Amino acid sequence: MSFAQWVAIYGPTYVTGLAWTAFIALWASFGAVVWGCVLLLIRLSAGRWGACGVDAYVQLFRNTPVLLPIYLIYFAFPMIGLPWPAVVCGGLALILQNGAYISEILRGSVNAIDRVQFDAAKSLGLASWSTFRKVVLPQVLVYSIPALGNQVVLLLKDTSLLSAISITELTMQAKLLTEQTGAAYEAFIVVALLYLVLVSSTEVLFRVAHHAVRWR
Amino acid sequence: MLNVHARHVWAAVLVATLMVMSPAAGAEEKSRLDVVLERGKLIVVTLTTVPPFAFNDEKGQLVGFDIDIARLLAQALFKDPTKVEFVSVTAEGRWPAIESGRADMGVGGTTTYPDRALRVAFTRPFIDSGISVLVSKKSGIKTLADLNQDKFTVASLNNPQMADRAKRFFPKAKALTFDTPAAQFLAVRSGRANALQIDTPSAEYWAAHNKDEMDVLPGLLGASQNNGVFMKPGDFKWWLWLDTAVAEMRTGSWYPQYTEIYQKWFGKNPPPQKFYLSQ
């Protein structure tokens, strides 16, 4: 069977996998950005102990492979009476890890703003909310969007690990097709191409976003 | 003069290239058997989380019935049971490992199916198997018929045979799919699933090691089955040697060694060597 024939026959089977991957990546990215912001706010406003706590959290998640929280949350939570669906467990694990990275990205962007600007804002009589909205946020967006884009791409690719907890996303779909047809190369080449499409579109999206905030 | 010289050099290069290429192009592909013998080591692909066929013991050593069968083959090839390298994979990784030539052969609780035999070659079975259902005692499931209710979840491996059985025997139950037997087992242990389907010896092994929590349901899902050694199809010499070796284990000169391994892992004698011989 040629590659084209194979794709014609089994290509449609990938649709559900593609939908799951996109769905999980989407809500987990959103959650990770929110969680990253929360972590940053705690670090900046909750005093020394808050900063220490967030630091410990970031170290913990940055220095462990994401497969561990995935396994732990999926298999251990039912034992403590929380039998959440696999999609929730997997997404949560991705949010917990990527949130740690994203809080660091945002922290770097906030630190990149010159201290003098805060003094200037104060002397202009801006309240802290206005300072955040008019001075901090526009610059943080410009600084952080490319790095956030990278992080979302990493998260998107890490969704492949969720095949380990019975989620039928793209990688699991390829594994099932390999078992069914024996065509390991075809199954995984198609998946690679689909990931390429997803990642490229994500990159384009972030480039457009970056452009939009840049020239405001 | 220089030109003539250059032409000679080119001609020599061409002849040399043809000489190097022609035996490879003309001769048949070398049998895996010769490759293995030359290498002095057997490379075996296996699952590593299916006790008692292939799993890691308390010391982290890969052990099991199928592992010992592979070592017995190495004993026959090299007079040394340690001349084996094991390549560990997940369930679906077995086929590309064979197809790509990364491994010479495979074992590891692998069932022979006619549709599988279209892409990998199997020897005759080196052990009888079957698919049983392991349940958590908490679930209250007592028979295979009990299982077919929408309040139950059953963990399977990611192969179509498991999916077909799930549809045939418990279509109402919810299905979870994993890529290793260890993850299936963990799913039942953690309460993610109420039951799992797996080779009978594995189900019995897990039940025996978790007496308070788990049970094997009486009866098989479908028929008795065969587990064979698998390899790349089309290499007659290699297949013939492996099949002969397996035949000798079950019915011939190696029956004593085979019995010893069988006793070690299952605590009982294998089926009789020949039906007309009394044990």
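Visitor: Okay, looking at chain B: of the contacts with a separation of 6 or more, what share comes from residues 24 or more positions apart?
Guide: That share is 67% in chain B. Keep in mind that this is a predicted model.

Visitor: Noted. How many helices and strands does chain B have?
Guide: Chain B has 9 helices and 15 strands.

Visitor: And what percentage of its residues is buried?
Guide: Chain B has 279 residues, and 41% of them are buried.

Visitor: Which domains is chain B divided into?
Guide: There's domain 1, made of residues 32–128 plus 226–266, and domain 2, which covers 131–223.

Visitor: How many residues does each domain put into the contact?
Guide: Domain 1 of chain B gives 12 residues, and domain 2 of chain B gives 12 as well. On the domain 1 side, the residues touching domain 2 of chain B are 8 nonpolar, 3 polar and 1 charged.

Visitor: Switching topic: what about helix α9 of chain B, how far apart are its end C-alpha atoms?
Guide: They're 16 Å apart. The helix runs over residues 255–266, and at 1.5 Å a residue its 12 residues should span 16 Å, so the two values agree.

Visitor: Which of its residues are buried?
Guide: In α9(B), those are Tyr258(B), Ile261(B) and Tyr262(B). Looking down the axis of α9(B), the buried residues fall within an arc of 100°, so they line one face of the helix.

Visitor: What covers them?
Guide: The cover for the buried residues of α9(B) includes α3 (65–78) and α8 (236–251) of chain B.

Visitor: And which exposed residues sit on the face turned away?
Guide: Pro256(B) and Gln263(B) are the exposed residues on that face of α9(B).

Visitor: What happens just after α9(B)?
Guide: Gly267(B) comes there, with a positive phi of about 65°.

Visitor: Now the strands. What's the order in that open sheet of 3 strands?
Guide: The order is β2-β3-β4 in chain B, and the pairing is antiparallel. At the edges are β2 (49–50) and β4 (62–63) of chain B, each pairing on one side only.

Visitor: How many bridges join β2(B) and β3?
Guide: There are 2 bridges between β2(B) and β3 (residues 54–56) of chain B. Phe55(B), in β3(B), is the bridge partner of Thr49(B).

How values were computed: Residues are numbered from 1 along each chain as its sequence is written. Chains are lettered from A and ligands numbered from 1 in the order in which they are written. This is a predicted model: local features need pLDDT of at least 70, side-chain atom pairs count only at pLDDT 80 or more; totals for chains, interfaces and linings use all residues. Domain bounds come from an automatic or database domain assignment. Two residues are in contact if their C-beta atoms, placed from the backbone, lie within 7 Å. Ala, Val, Leu, Ile, Met, Phe, Trp, Tyr, Cys and Pro count as nonpolar, Asp, Glu, Lys and Arg as charged, and the others, Gly among them, as polar. Helices (H or I, at least four residues) and strands (E, at least two) are DSSP runs, numbered from the N terminus. The expected span of a helix is 1.5 Å times one less than its number of residues. A residue is buried if 20 or more other C-beta atoms lie within 10 Å of its own, exposed if 12 or fewer, and partly exposed in between; C-beta atoms are placed from the backbone. The arc is that of the directions from the helix axis to the C-beta atoms. Two strands pair if DSSP finds at least two bridges between them.
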